[in-house]
Amino acid sequence: MKNALSLKFHGLTKRSFRWDEVLSDFLVRFFALIPIAALAFIMMKIIAKGSGAITWEFLTQAPSQGMMHGGIFPCIFGTLAITLLMILMALPLGVAAAIYLTEYAGKGLLFRVIRAAVNNLAGVPSIVFGLFGVGFFILFVGRNLDAVLKTGMLFGQPCMLWAAATLAVLVLPVIIVATEEALNTVPQSQRAASLALGATKWQTIWNIVLPQARGGILTGAILSISRGAGETAPILFTGCAYFLPRLPVVNLFGFIPMINPFDQFMELSYHIFIMATQSLDAVKTLPIQYGTTLVLISLTFLLNLTAILFRVHFRKKMGTVTV
Amino acid sequence: MEIKILNSGKTLRVNQDQDLSSNTTKILVRDLEMFYGPVRALHGIDMEIKEKAVTALIGPSGCGKSTFLRTLNRMNDTIPGARIHGTVLIDDVNIYSPEVNVAVLRRMVGMVFQKQNPFPKSIFDNIAYGPRLHGVIDKAVLEHIVEESLKKAALWNEVKDRLQTGALELSGGQQQRLCIARVLAVNPEIILMDEPASALDPLSTAKIEELIYELRKNYTIVIVTHNMQQAARVSDFTAYFYMGSLVEFGLTKDVFTNPLKKETEDYITGRFG
Ligand SMILES: Nc1ncnc2c1ncn2[C@@H]1O[C@H](COP(=O)(O)OP(=O)(O)O)[C@@H](O)[C@H]1O
Ligand SMILES: [Mg+2]
């Protein structure tokens with residue numbers, strides 16, 4: 001203690017050397033490196049062990065022989081299909097909610113309640129969404145729809161529709177927050193100019209505000225896709241299939257192939273999960289696990305990259321707006 | 001004509017003498033009060049704005065000029081907590097009565113803002129925005145409107161060869177004239193301008209002033225300015241606002257040479273504000 005004090009006082013005249021500074025400097029740098037190191041380690045391991053599994057057959061074939069052989073094409077297809085359905089549901093809903101919050105709601109009680117709800121929704125564990133999906137979508141909405149429409153067991157069972165709906169609820173906060181931010185960056189003077197020309201509020205939002213917020217909204221949409229695409233828990237009970245080598249596709253009018261939202265589906269992250277936990281010989285399936293993980297990560301990475309490119313593109317384009 | 005401003009020694013060019021007494025009243029404001037929440041921003045304003053003349057609103061900043069201007073096209077409606085009492089009659093219609101269509105009103109009463117605010121679209125699309133909103137889709141008609149509006153706003157010659165380029169590539173002064181053209185394209189009868197030249201260089205300012213002088217032949221113009229010379233140069237009538245009240249209102253040449261109130265005189269001669 002005495003030593004430290006004297007050091008501190010001598011610091012005025014001597015070259016400054018403070019242990020606390022040096023230590024904190026080191027620690028801050030060290031902690032900052034941890035996530036980078038962790039990411040690098042994970043990526044390297046996955047690439048090293050997974051790239052061997054990636055073959056043309058792996059990417060285009062269905063699993064076979066107790067899922068020890070063949071490929072993961074149904075999982076890739078299922079992941080893309082469910083993500084597409086998810087964004088088709090989540091984007092209009094999320095954008096509408098954000099428009100309401102920024103353009104219509106005052107800053108009163110209702111606004112604050114909705115805001116708080118959105119923030120809390122973002123913090124709910126994903127398994128809770130899964131249970132919510134079963135309870136709300138399948139048992140409540142689905143069963144009641146079947147009862148009313150007399151459709152037997154069409155809606156009241158796990159299928160891609162409800163899995164996508166559950167994922168849509170999960171990513172809703174991402175879209176709402178991103179869209180709100182995008183709408184708020186559109187200068188008020190732009191709205192004023194439009195309104196003063198005799199545009200209604202909706203005409204102004206549609207023609208002036210949304211086009212200028214497009215970049216931010218698309219970025220939010222893509223981020224929400226990459227968030228939703230990797231989730232397992234929400235789809236666990238709501239539509240995911242353990243093994244379903246055929247694709248969830250129907251032929252509309254007999255000849256237009258279309259994703260069948262009432263079918264179950266295989267999915268990449270769920271496939272990794274069952275390969276790791278349910279397989280008879282988990283060690284033998286390790287290459288498949290790594291290969292599937294590599295495909296999933298590459299897909300997510302690609303989406304994030306697209307989001308970044310979008311943002312750069314639109315920022316450049318909008319950079320010249322005078323406020 | 002040149003006038004001497006009171007005893008300040010400054011001289012100003014003022015609009016040529018014209019008989020404005022025959023002009024009919026376009027806007028009649030009676031006992032207008034305006035509140036931002038609990039705060040009263042305008043106190044019992046009475047004013048008669050003549051058709052096809054330029055009325056300038058002057059006064060120190062924060063005195064309510066912009067607030068008053070926005071009551072004339074109901075842009076205050078967009079401000080949360082804004083309330084209004086009293087009447088504003090345009091062509092004898094109370095614009096605050098419930099059956100008035102605000103969108104139609106704002107088309108009739110155009111507005112040019114302090115800071116030029118073109119849309120990040122092409123020059124053509126900026127001008128065509130208003131007409132398109134109101135149902136014009138024929139390309140030839142739109143082209144005609146765009147050309148006419150740009151000509152009236154004295155911008156045609158500068159941009160006629162590049163109508164498809166972005167409006168944001170124009171200079172500040174050109175952008176402001178584009179905003180004026182955008183307003184003219186919806187065929188208004190009244191044009192409100194809130195310090196339209198305050199962000200521009202002297203040359204662009206002169207162009208805008210010339211333009212205002214041209215436009216007054218066909219439009220009723222109400223302009224806010226904090227520039228006394230500008231008010232004297234471009235306006236037929238001048239209204240002096242102070243702390244939310246209309247202190248003095250009359251022909252510009254009278255207000256500048258022979259104000260009725262001591263406060264007006266102090267403000268105009270620069271002893272205050
Ligand atoms: N949106 C607003 N909300 C609350 N008060 C406002 C708002 N706009 C203006 N005010 C207040 O009203 C008064 C008049 O402002 P304004 O009309 O902008 O004055 P001017 O244009 O003459 O400078 C000022 O005291 C200002 O603070
Ligand atoms: Mg102002």
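A: Leu142(B) is buried in this predicted model, with a relative accessible area of 4% (buried means under 20%, exposed over 50%, partly exposed in between, with a 1.4 Å probe and protein chains only). This is a predicted model in which local features need pLDDT of at least 70 and side-chain atom pairs count only at pLDDT 80 or more, while totals for chains, interfaces and linings use all residues. Residues are numbered from 1 along each chain as its sequence is written, chains are lettered from A and ligands numbered from 1 in the order written, and side-chain values use heavy atoms, without hydrogens or water.

Leu142(B) belongs to helix H4 of chain B, which covers residues 139–152 (helices are DSSP runs of H or I with at least four residues, strands runs of E with at least two, numbered from the N terminus). Setting aside residues up to four places away in sequence, Leu142(B) touches Phe124(B), Ala128(B), Pro131(B), Arg132(B), Val136(B) and Ile137(B) (contact means heavy atoms within 4.5 Å). Pro131(B), one of these residues, is 11 residues from Leu142(B) in sequence, with 7.4 Å between their C-alpha atoms.

Buried residues also occur in strand S8 of chain B, residues 109–112. Val109(B) and Met111(B) are buried on one side, Gly110(B) and Val112(B) on the other, so that both faces of S8(B) are covered. In a regular strand the side chains alternate between the two faces of the sheet. S8(B) pairs with strand S9 (residues 190–194) of chain B in the parallel sense, over 4 bridges (pairing needs at least two DSSP bridges). Within S9(B), Met193(B) stands opposite Val112(B).

Chain B as a whole has 10 helices and 12 strands, and 53% of its 273 residues are buried. Of its contacts with a separation of 6 or more, 67% are between residues 24 or more positions apart.

Chain A holds 12 helices and 4 strands. Its radius of gyration is 26 Å, well over the 20 Å that the globule rule gives for 323 residues, so chain A is more spread out than a compact globule (the radius is taken over C-alpha atoms, and the rule is 2.2 Å times the number of residues to the power 0.38). The C-alpha box of chain A is roughly 85 × 65 × 35 Å along the principal axes, and 41% of its 323 residues count as buried.
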